Amino acid sequence: MPQAGGQEVKTHVKSIHEVLDTTLLERFRSRAAGYDAENTFCVDDFEELTEVGYLKAMLPVARGGLGWGMEQMTSAQRLLGSYAPATALAVNMHLVWTGVATLLGARGDRRLETVLDWVANGEVMAFGVSEAGNDEVLFDSVTRAVPAPDGSYAFSGVKVFTSLAPVWTRLGVFGKDSSTEEPKLVHGFLHRDASGIEIPDNWNTLGMRATQSNTTILSNARVKAEDIHSILPVGPVADPLIFGIFAAFLSLTASVYVGLAERGMQLAATNPARRTSLKNAGRAYDQDPDIRWQVANAGMEILKLDAMLRLTTRDLDDLVDHGPSWFPRLVTLRTQAGDAARSCMDIAAKVSGGGQYFRGSELERLYRDALASLYHPSDAESAHSTVASWLLGPPRG
């Protein structure tokens, strides 16, 4: 496309497989066991993803991005999650912020346009929202946000599950300002260089170890006035920011677990052929009707999720107005993806034989990784409450 002055603006949108080619993905898979065993951040994976422009994927091509929307980005995360789920989940939280900014911008809301500028300049975004004991998620906070006369805010509190802890440069945070009669929730971006930030080395988990989602302790950590982007009332509110965060977080997180479930299905389909039955004259187990039934169940899980993920994210890109059913759709996608990841890993373990129970097998590691899906918002209880309220109205009394 020609531009003033005769310069050409690149408009080619690279496909997922141009960016995440098989050679790259196989390198990621080969490193995953080492990151898990050593409980270290996926440094080499992260550097390679940065080099191929993955962290800028949702920026327009003219701004140095790949021009991907939510459908393409979640498809890429699904693919990456099938090779290296912890790496996918780590970069996921950066991609959430680019997703929120893109979703808002497409709907005429430019308040997070700066996020796209930061990402274009190489900044790494992180998600500092989760708080221990806060089951209100985005509708309340136990972090204090204290205003200053210059419009800045000092945040004090503990954020948990802060992925990309070793490399993030901007942390999206929120906290409660109780200085007025009506408390408010203040949202902004904290720069890594700000004082009052402590990141203890406390990520020692059952699975998803390469995300290095350390706790982040804030002690009067100041967010500049220009980096405060939203001030909202406490409680549920129909603000585009809330929709954007839920839409990007739930669909992108779901996509990682769809990929993980898909790998479980693949292992369930391939491992039985390597085992033979003495009782049945050396016949391979992939010919056993009971095992074939279980493998088929894994395949059915993936087929359901494939349609749900693609259609939900396509509707986000196409600005489809699902009204009050949007949140039920999103929480259902996220919880179903997590359930399928655990279910497919369980099936793969059942049909693959006792050798997969030993430490160091891919299935053993992925089985542990899948369990992390139990702890992401929205959990099963919250999801069912959301869907029930959509169908039945809020509970009375």
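**View 1. Helices α4 and α8 pack against each other.** In this predicted model, helix α4 (residues 70-83) meets helix α8 (residues 289-317) at an angle of about 145 degrees, and their axes are 7 Å apart. Two packed helices are described by the angle between their axes and the distance between the axes. On the α4 side, Met70, Glu71, Thr74 and Arg78 make the contact. On the α8 side, the contact residues are Ile302, Asp306, Leu309, Arg310, Thr313, Arg314, Leu316 and Asp317. Sorted by class, the contact of α4 with α8 has 6 charged, 4 nonpolar and 2 polar residues.

**View 2. The largest nonpolar core and Tyr54.** In soluble globular proteins, nonpolar side chains tend to be buried together. The largest nonpolar core of this model has 111 residues. Leu20 and Tyr54 are the members that touch the most others in this core. Helix α7 gives the largest share of the core, 18 residues. Leaving out residues up to four places away in sequence, Tyr54 touches Val19, Leu20, Leu49, Trp68, Met73, Ala76, Gln77, Leu80, Val91 and Leu95.

**View 3. The largest pocket.** The space in the largest pocket is about 1200 Å³. Its lining is made of 42 residues, and those nearest the centre are Glu136, Val137, Phe246, Ser378 and Ser382. At least two lining residues come from each of α5 (85-106), β3 (153-162), α7 (240-270), α9 (326-352) and α11 (380-392). Helix α7 supplies the largest share of this lining, 7 residues. The lining of the largest pocket divides into 27 nonpolar, 8 polar and 7 charged residues.

View 4. Most residues other than glycine have a negative phi, and most peptide bonds are trans. Val137 has a positive phi, near 55 degrees. Val137 sits in the loop between β1 (125-128) and β2 (144-147). Val137 counts as partly exposed because its relative accessibility, 28%, falls between the limits of 20% and 50%. The peptide bond that joins Pro377 and Ser378 is cis, with omega about -5 degrees. Ser378 belongs to the loop between α10 and α11. Val137 and Ser378 are both among the residues nearest the centre of the largest pocket.

**View 5. The second largest pocket.** About 350 Å³ of space lies in the second largest pocket. Of the 22 residues that line this pocket, Phe161, Trp203, Ala372, Tyr375 and His376 lie nearest its centre. Two or more lining residues of the second largest pocket come from each of α5 and β3. By class, this lining has 14 nonpolar, 7 polar and 1 charged residues.

**View 6. The largest cavity.** Searching the whole structure gives 1 cavity of 30 Å³ or more. The volume of the largest cavity is about 80 Å³. The largest cavity is lined by 13 residues, and Ala32, Asp36, Ala86, Ala210 and Asp369 are the closest to its centre. Elements α2 (22-38), α5 and α10 (362-370) each give two or more residues to this lining. The lining of the largest cavity includes 7 nonpolar, 5 charged and 1 polar residues.

**View 7. Gly175 in strand β4.** Gly175 is part of strand β4 (residues 170-177). The relative accessibility of Gly175 is 0%, so this residue counts as buried. Apart from residues up to four places away in sequence, Gly175 touches Ser141, Thr143, Ala145, Phe155, Lys184, Leu185 and Val186. Gly175 and Asp140 are 35 residues apart in sequence, and their C-alpha atoms are 7.9 Å apart in space.

**View 8. Asn220 in strand β7.** Asn220 lies in strand β7 (residues 214-223). The phi of Asn220 is positive, near 55 degrees, and Asn220 is a residue other than glycine.

**View 9. Arg329 in helix α9.** Arg329 is found in helix α9. With a relative accessible area of 38%, Arg329 is partly exposed. Arg329 and Leu190 are 139 residues apart in sequence, and the distance between their C-alpha atoms is 31 Å.

Methods:
Residues numbered from 1 in each chain as written. Predicted model: local features only at pLDDT ≥ 70, side-chain atom pairs only at ≥ 80, totals over all residues. Heavy atoms only, no water. 1 Å grid on protein atoms, 1.4 Å probe; cavity = no way out; pocket = protein on both sides within 12 Å on 5 of 7 lines; lining within 4 Å. Points joined across faces, edges and corners; volume = space filled by probe spheres on them. Helix = DSSP H or I, 4+ residues; strand = E, 2+ residues; numbered from the N terminus. Nonpolar A, V, L, I, M, F, W, Y, C, P; charged D, E, K, R; others polar. Core = buried A, V, L, I, M, F, W, Y, C linked by side-chain atoms within 4.5 Å. Buried < 20%, exposed > 50% of the residue type's maximum accessible area, 1.4 Å probe, protein only. Contact = heavy atoms within 4.5 Å. Axes fitted to C-alpha atoms, helices over the stretch in contact; angles between N-to-C directions.
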